[in-house]
Amino acid sequence: MRTTARGDGRRLAARHRNIELGLLALAVAVCLAGHVDASLALTGRMPPGLLVHGLSLGALAGAAHLAVRRFAPYADPLILPLGAFLTGFGLVLLDRLDFSYKAAHTAKGDYQKIPAAPSQLMWVFISVAVALALIVLVKHHRFFQRYVYLLMAGALILLAAPVLSPGDSFGAKRWIRLFGLSFEPDEFVKVAITIFFAGYLMASRDALALAGRKVWGLTLPRGRHAGPVLAIWVVSLLVLIFERDLGTSLIFFGVFIVMLYVATERTSWVVLGLLMAVGGAAVVGTVEPHVHGRVEAWLHPLDYYKPVHDKAISEQPAEALFSLGTGHLTGTGLGSGRPWLIGFAGRSDFIFTTIGEELGLAGVTAILLVYVLLIQRGLRTAIGLTDPFGKLLATGLSAALALQVFVVVGGVSGLVPLTGKALPFLAAGGSSLLANWLMVALLIKLSDSSGRTALDPVQPSPEPLPTQAGPVERPGQADPSAAGPLPSGPYDPYGPYDPSAPDPTGPNPSNPALATPGAADPSAPTQLRPAYGHPPNPAAP
């Protein structure tokens with residue numbers, strides 16, 4: 001029976017990989033169709049190099065699929081295709097915008113005439129290669145649990161590095177420039193800090209879940225246990241003050257609150273976190289000029305066109321609303337709009353207006369649903385995992401992606417103040433793309449563990465479980481080796497205690513590997529400690 005169940009699980013996993021391959025082919029085909037559509041609208045001709053571009057994307061997608069099939073065979077079949085589609089569609093939008101920016105800015109001679117799609121394509125290959133290296137080299141997600149404090153130290157150094165970098169970029173200190181290159185460390189910080197939060201909350205969740213006093217019907221945490229939240233809140237405010245980076249501060253603090261709620265299941269932490277976030281943002285938005293200008297532009301976007309207006313208000317929020325309103329239901333068509341009029345940010349966070357103008361509400365809804373589906377697969381992975389570290393890590397990565405999409409789309413559409421963050425996978429930027437593909441690789445490894453638990457529970461864990469100190473000694477039974485063979489029926493650990501009953505933790509004469517306590521492989525499943533923590537199967541022989 002066990003062999004049959006294991007064979008069924010492997011066949012279902014192979015079917016998932018075939019579904020993944022079909023979805024990858026569909027994603028590449030849709031992106032190539034987008035290139036053709038945009039080129040016909042802009043030039044009236046087929047795009048040059050379409051065959052080479054298509055073969056390159058197809059080969060990259062095929063290599064990613066083979067790596068997942070070999071090293072993560074039980075992974076979710078939708079995570080990789082969703083990431084590939086968003087990345088390929090981002091190349092479509094950037095190539096379309098490059099044509100318009102070049103035509104508009106060649107005479108002006110400024111930097112906006114430089115195409116962004118070739119550089120982004122290079123970063124696509126780098127990002128996917130790094131993601132595949134993580135999938136191949138990291139055997140199990142618990143590997144990162146050993147280095148949570150090291151990752152946290154590196155994340156704090158990267159988070160503070162832009163403060164020491166000379167000069168601002170569009171009002172915010174978010175970039176580090178070395179040897180003529182620039183990158184955004186906060187994109188990698190969100191991944192490292194999520195791993196640290198997962199490890200820290202797994203170890204401290206019991207203390208953080210302790211109840212305190214009740215205020216207005218809400219159970220508040222004890223004062224000494226609120227220290228970590230206050231520390232994260234202070235760090236978020238420091239990022240907001242010294243780097244003037246509203247988006248990173250919101251994502252940083254928001255991910256921690258989400259993971260804290262999942263770890264403790266206490267609504268009081270969420271309420272406390274929201275109050276602290278709103279209070280801190282209100283104070284900094286009042287005293288910090290750059291953040292104050294973002295808030296004013298959010299509240300009064302059309303004031304830019306008044307003869308006298310606040311100099312901190314830019315024209316981009318109003319132009320974004322005009323661009324989104326032009327798209328109506330189905331849009332003007334790829335290549336038929338004028339999203340490049342927004343200016344330098346059209347290939348960053350305002351790339352979302354290109355979708356709204358040229359694909360309309362239907363296109364915006366479709367892209368947002370792709371994001372929602374990717375986030376949902378991450379949360380579904382968290383539900384399927386049995387170890388607390390994996391659950392918290394999958395939840396945190398999904399929350400980080402959700403919060404970044406929210407602050408970018410909300411800022412462009414006027415729901416929240418602008419943050420300047422890049423739209424994941426779609427916007428130009430090597431740092432953002434690399435960090436997002438690292439998140440995809442982590443979700444693939446996490447979903448592989450979740451799928452392995454569900455489809456092949458008898459397979460040993462790739463990451464050895466901690467070795468137990470020894471067999472449990474029951475009262476009245478001084479020598480565990482004196483117990484007889486295992487009972488024939490299923491063992492109920494919560495049943496009534498019988499001193500004369502045989503001890504299931506004792507040696508089993510029918511299995512020589514278990515004849516001596518501690519001689520068994522600590523990573524192998526046993527009746528009391530099956531693989532990945534799943535309960536024993538009473539029907540198994």
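A: Happy to! Let's start with a definition: Ala, Val, Leu, Ile, Met, Phe, Trp, Tyr, Cys and Pro count as nonpolar, Asp, Glu, Lys and Arg as charged, and the others, Gly among them, as polar. With those classes, the lining of the largest cavity comes out as 13 nonpolar residues, two polar ones and no charged ones. Please keep in mind that this is a predicted model.

Q: Thanks! How many cavities of 30 Å³ or more does the structure hold?

A: There are five cavities of 30 Å³ or more. The largest cavity has about 180 Å³ of space. It is lined by 15 residues, and the closest to its centre are Leu57, Leu60, Ala61, Ala84 and Thr87.

Q: Which elements give two or more residues to that lining?

A: Those are α1 (2–43), α2 (50–71), α3 and α4. Helix α3 gives the most to the lining, with five residues.

Q: And what volume does the second largest cavity have?

A: Its volume is about 100 Å³. Of the 13 residues that line the second largest cavity, the closest to its centre are Val189, Lys190, Thr248, Ile251 and Phe252. Both α6 (185–208) and α8 (246–264) supply at least two residues of this lining, and α6 gives the most, with six.

Q: Let's switch to salt bridges then. Why can side chains pair like that?

A: Side chains of opposite charge can pair when their charged atoms come close. The cut-off used here is a side-chain nitrogen of Lys or Arg within 4 Å of a carboxyl oxygen of Asp or Glu. By that rule, the count is nine salt bridges.

Q: Which residue forms a salt bridge with Arg377?

A: That is Asp76, and the closest N and O atoms of the pair are 2.8 Å apart. The bridge links distant parts of the chain, since Arg377 is in helix α12 and Asp76 is in the loop between α2 and α3, 301 residues apart.

Q: Is Arg377 buried or exposed? And what about Asp76, buried or exposed?

A: Arg377 counts as buried because its relative accessibility is 14%, and buried means under 20%. Asp76 is buried too, with a relative accessible area of 7%.

Q: Where do Asp448 and Arg452 lie?

A: Both are in helix α14, four residues apart, which is about one turn of the helix. Asp448 is buried at 3% relative accessible area, and Arg452 is buried at 8%.

Q: What about Asp303, which residue does it form a salt bridge with?

A: Asp303 forms one with Lys306, and their closest N and O atoms are 3.3 Å apart. Lys306 is partly exposed, with a relative accessible area of 45%.

Q: Last one: which residues form a nonpolar patch on the surface?

A: Tyr111, Ile114 and Phe344 do, and together they have about 320 Å² of accessible area. Tyr111 sits in the loop between α3 (79–105) and α4 (117–137). Its relative accessible area is 49%, so Tyr111 is partly exposed.

Terms used:
Residues are numbered from 1 along each chain as its sequence is written. This is a predicted model: local features need pLDDT of at least 70, side-chain atom pairs count only at pLDDT 80 or more; totals for chains, interfaces and linings use all residues. Side-chain values use heavy atoms; hydrogens and water are left out. Patches are made of residues with over 30% relative accessible area and no salt bridge: like charges are joined within 9 Å, nonpolar side chains (Val, Leu, Ile, Met, Phe, Trp, Tyr) within 5 Å. Accessible areas come from the Shrake-Rupley method with a 1.4 Å probe; for residues, only the protein chains shown count as cover. Buried means under 20% relative accessible area, exposed over 50%, partly exposed in between (1.4 Å probe, protein chains only). On a 1 Å grid over the protein atoms alone, a cavity is a set of points where a 1.4 Å probe fits but cannot get out, and a pocket is an open set with protein on both sides within 12 Å along at least five of seven lines; lining residues have an atom within 4 Å of a point. Grid points are joined across faces, edges and corners, and a volume is the space filled by probe spheres set on the points.
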